[in-house]
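Here are a few notes to read alongside the coordinates.

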2 protein chains.
Amino acid sequence: MKKYTFHLFAILGMALFLSSCGDQNGKASSNSGLSSNNAEKVYVAPGEHDEFYAFMSGGYSGNLTVYGLPSGRMFKEIPVFSQFPTSGYGYSEETKPMLNTSFGFVPWDDAHHPDISQTNGELDGRWIFINGNNTPRIARISLSTFETEEIMEVPNSAGNHSSSFVTENTEYVVAGTRFSVPIPQRDMPINEYKGNFRGSLSFISVDPEDGHMDLKFQILMPGFNYDLSHPGRGKSHGWFFFTTYNTEEANSLLEVNASQNDKDFIAAVNWKKIEEYVANGGGTMMPAEYAHNVYDEETHTATSTLKKEVLTIDPTKVPGTVYFLPTPKSPHGVDVDPSGEYIIGNGKLSADLTIHSFDKMVAAIEAKKFDGEAYGIPILKFEDVLAGTVKSGGLGPLHTEFDGEGNAYTTFFISSEVVMWKLGTWEVVDRKPTYYSVGHLMIPGGNSRKPFGKYVVAMNKITKDRYLPTGPELEHSAQIYDISGDKMELIYDFPTHGEPHYAAGIPAELLAPKSKKIYKLSENKHPFAATGPADSKVVREGNEVHIYMSMIRSHFTPDNIEGIKVGDKVYFHVTNQEQDFDVPHGFAMIGANNSELLIMPGQTKSLVWEPKKAGVWPFYCTDFCSALHQEMQGYIRVSPAGSNTELSWSLGE
Amino acid sequence: MKKYTFHLFAILGMALFLSSCGDQNGKASSNSGLSSNNAEKVYVAPGEHDEFYAFMSGGYSGNLTVYGLPSGRMFKEIPVFSQFPTSGYGYSEETKPMLNTSFGFVPWDDAHHPDISQTNGELDGRWIFINGNNTPRIARISLSTFETEEIMEVPNSAGNHSSSFVTENTEYVVAGTRFSVPIPQRDMPINEYKGNFRGSLSFISVDPEDGHMDLKFQILMPGFNYDLSHPGRGKSHGWFFFTTYNTEEANSLLEVNASQNDKDFIAAVNWKKIEEYVANGGGTMMPAEYAHNVYDEETHTATSTLKKEVLTIDPTKVPGTVYFLPTPKSPHGVDVDPSGEYIIGNGKLSADLTIHSFDKMVAAIEAKKFDGEAYGIPILKFEDVLAGTVKSGGLGPLHTEFDGEGNAYTTFFISSEVVMWKLGTWEVVDRKPTYYSVGHLMIPGGNSRKPFGKYVVAMNKITKDRYLPTGPELEHSAQIYDISGDKMELIYDFPTHGEPHYAAGIPAELLAPKSKKIYKLSENKHPFAATGPADSKVVREGNEVHIYMSMIRSHFTPDNIEGIKVGDKVYFHVTNQEQDFDVPHGFAMIGANNSELLIMPGQTKSLVWEPKKAGVWPFYCTDFCSALHQEMQGYIRVSPAGSNTELSWSLGE
């Protein structure tokens, strides 16, 4: 049932790229009459605030970026999986453990799908989760501090792409393998993949009080590629849906070999039933190695624990828990509408969208109307579960979001457009070009029970001529469409940082009031904190020297230190004594093989410096903090190894 | 002559912060009638382009960010001094040498003052330079590729702040010490600073053909703090001006101890005269260690060379080369007007601006009217060189730019405002509040002979309530004022990334046409390039394995590799075969203690991976490159150390 050949498909893609470029010129000119109206729509005047937060994954930056809508302005880059020299994340002693894995320190990842915690299917704005694709990890970020608080590595996984989406009450955040691998890992020929490699779908529980994550169970699946996922909601709460491709189980040249089957599957997982099974002692504990890293807000310090086993579930041994829904064709996104009834399969090599019905699925399961099985997992009949098909004429559907008004919006990568259509009637209402080759799209709350359907943001994969050129490397581009009327209206282009895959939006009023402004010095439990000048000291322990340093506008205590020697390992533990909002200080030491420390009010951070040369070496504050910021500096005298310079420290003497 | 006490000053600063917050509310409401007009002024409609590039320093990000004006959108972050996981800069084998220094690998710096190359005093748009403050370095970035091409470490330096400004024909880019140190470095008591520590002003030549830098000479100066600098132009071409503070030579609590003198100095340096002296064999060669790192666009690879000596100049031995101009009070910025006549000292603890006259300075020097000397350097009389004073009533002047229409614009940090005044008459024309506590400001070309005076951008140090809150850490904020009319008009707020100190703007039409789109495969001279599938191979040399890999939409060649063993050091040398604009591919390997590689069309990059566990491990493309991007993956079989698995590689077999 091979529908496209390799060469044909490449040519088709090329042609469509060209035609979408052509569209753009026409569009720009036809739009010009609306410019001033659109200008006002996206303009946020000085002193005013945006209406929505948009949390956009950084993709290959490894981080999460925070934008405002409708202005498209970037307010912060939150370091998650990657070292971030700007603040010292992944360089400071306190944050290095956050990037620990069973493979050792991994300073980068590919962050894909942010999802905001939910209560009763609505955004609750407590945390946001995001997955690391490459070295499989799930991170939890606080939405009061906007800091990464926890990272859980996912064992028995690879290409952690069908992640990190949450269930209706944030009972679980899920992770799934895009790349199947031997489970457990072993040295075996790659071309024996078929039937031997496995996928895994991991369910990580989230503590409702403090958000702490625990890997509860892993479902071991056939060796397909699990691409994306979304939870059921409302009546389908308790189920989770995962797309698959490469049901061919090809191990090489997937471009050709994984595009052979006319239909792949959406896997429907009844996690409530598995939860019961686990509660009753079901599952097999299996040796595994994975890091669990937790940042403590009071000690300002992360710890990393290597976990040693994981509970695995063989779904063929727990009947009624996993079913396959045939879905054309290499489906990429799977999205569930706000009612929980419709499960939309975005078959990336298909022109049509396939919508499955939850009610029909349940009926077919109850009637045991199966069409065979795959590795012991029942396959439902396509016709029995199909709710309808959207025939839009677009090519390359990838993702769908919802506006809560009965409309769905689907991106088409190849034909470079967003298509708006009606749930239930499947009729196309509107379509607008994107510039160019859109991937994900986002409506605030658009994957929850309660979307806020005012804007849709398209995240595009190709930028080309949208902005002033910046050499061969360009930022990706996003576009905002106003969807408050009957039709979509393109109102703005804005560049994004890294490569946003999915994003999560939320009304500002749900987050802004509880945003933390400072860390209280009185709550600082860092073991090396100097919460006032009186705590400042320098302590030598062999060749380790610990400097307990405090900083306040506009000096360090101490600022003259002697008695350090070549060969020492010097720890600067620096506490920002300020207790006002937006008065960070920075700390930098000349020649350190390290980044700076950017330290928020009330916070303590530590930097290691191994002086290599005798002399007198300066340090200084890197954040312009007051009119006398330039004066905020100090010196360290480094004597040769073995010399007798006495340890001493002072300020203003 | 101590004018402010420590506590008084702190209270003053606090009071002014509060009052500037109060202003903001009034401003926002009075502005609302103008909103729609301002919205149109900053709106760049989809498909249209910004009028100007703005290159904003990233400050403690260590990088350079590229914005469009008037939209305030960020188009790129160019990694310069810091590791950048997004692209692999500082992680890939090719770019690690860029961050080498005499202190070893330094993965971060504090990037302050970008300056675009000039010809005849006008922006020529070939290169942009920027300084690393902490571990003293100067970088040169290509404005056709937007990549860092060269980094020169600066020896005998610390706190490289009065950098990196260029002379009228880019003969030199300068660097100067904000922190004086023992020169050469030696183990000595810190409190013997006075009279023993030295500053240095370094003149780095720039090859007019290829931009290559060479440290020509260093002027050894008294141990003051050299804060900022600007070149003469027109009639003052051949001179360079540096501000000083801490002429008290305090070594501790500078906040108090370096604010004692009523006047510090602007150092006027006749570099043309020193150049002659050097050409005639003058100066003393001194041992020094400093790295010189050069990136080759054809091999896509950087090399680092450790240089061993530097030519130093004792200015007291070369009469007529350096003079001190007394300037109140701890001057921060020094700026030269487009005509080259006026040298503006921004005395940060002064209410007034002090403007010196170049003509008067030359006359006073010729008449030998000196008011004593400091460490052998003649001091001119304040009254003899004074052109005028701007009495604005503002507090804390920091920096001045020019619009080419006879107006100057000065930032006042403490009173949080930009003041517009007339050159020659010194009258204040307009003043507008900033939100909050402005540092630098920028007019495109505003520090050249030919400014483009349409917008001024204020770069503010305090953000507080300007945007939706993001926890304790906020981005800094910039503001755009329209200066095309008689008065300044605030038209937009936009957040910036890192902490922009200075910026450099240039009309888009001068850069955009020559922006490079791809690297030609035919010009790729990388020693490990696989410019086509036929070049792909895997070569073992002991425990080092070199994989020559090519990538094209949508597969790697090879994509199945066996015969790798635990304990091997695997080099992936990955070449992007694409030759279309904006078709990068990425490369990531599970568990690598490294970042990804982001590889532009025609480029080769290399990543080291040391596999730790036997098994079959995937790699994949991280940049969504085509409809079959998800299929762009491969596997590597890792066998235990000492096993006999044969080395083999394949695609589609």
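1. Let's begin with a residue pair in chain A of this predicted model. Q118(A) sits opposite L123(A), a residue of β7(A). The strands β6(A) and β7(A) run antiparallel and are joined by four bridges, with β7 covering residues 122-132 of chain A.

2. Next, the sheet around that pair. In chain A, nine strands make up an open sheet with mixed pairing, ordered β6-β7-β8-β9-β16-β17-β12-β11-β10. Its edge strands are β6 (115-119) and β10 (172-176) of chain A, each of which pairs on one side only. From one strand to the next, the twist averages 25°.

3. A helix is worth a look here too. Helix α4 of chain A, residues 271-279, lies across β10, β11 (198-206), β12 (213-222) and β17 (301-313) of chain A. Relative to β12(A), helix α4 runs at about 110°.

4. Over to chain B: is T65(B) buried or exposed? T65(B) has a relative accessible area of 0%, so T65(B) counts as buried, the cut-off being under 20%. This residue belongs to strand β2 (residues 64-69) of chain B. Beyond neighbours within four places in sequence, T65(B) is in contact with A54(B), F55(B), M56(B), S57(B), M74(B), K76(B), E77(B) and H497(B).

5. Last, a hairpin in chain B. Strands β34 (residues 537-541) and β35 (residues 544-552) of chain B run antiparallel, joined by five bridges. Across this pairing, V538(B) stands opposite I547(B) of β35(B). Two residues lie between the strands of the hairpin, and G542(B) takes a positive phi near 65° there.

Note on methods
Residues numbered from 1 in each chain as written. Chains lettered and ligands numbered in written order. Predicted model: local features only at pLDDT ≥ 70, side-chain atom pairs only at ≥ 80, totals over all residues. Heavy atoms only, no water. Pairing = 2+ DSSP bridges. Axes fitted to C-alpha atoms, helices over the stretch in contact; angles between N-to-C directions. Contact = heavy atoms within 4.5 Å. Buried < 20%, exposed > 50% of the residue type's maximum accessible area, 1.4 Å probe, protein only.
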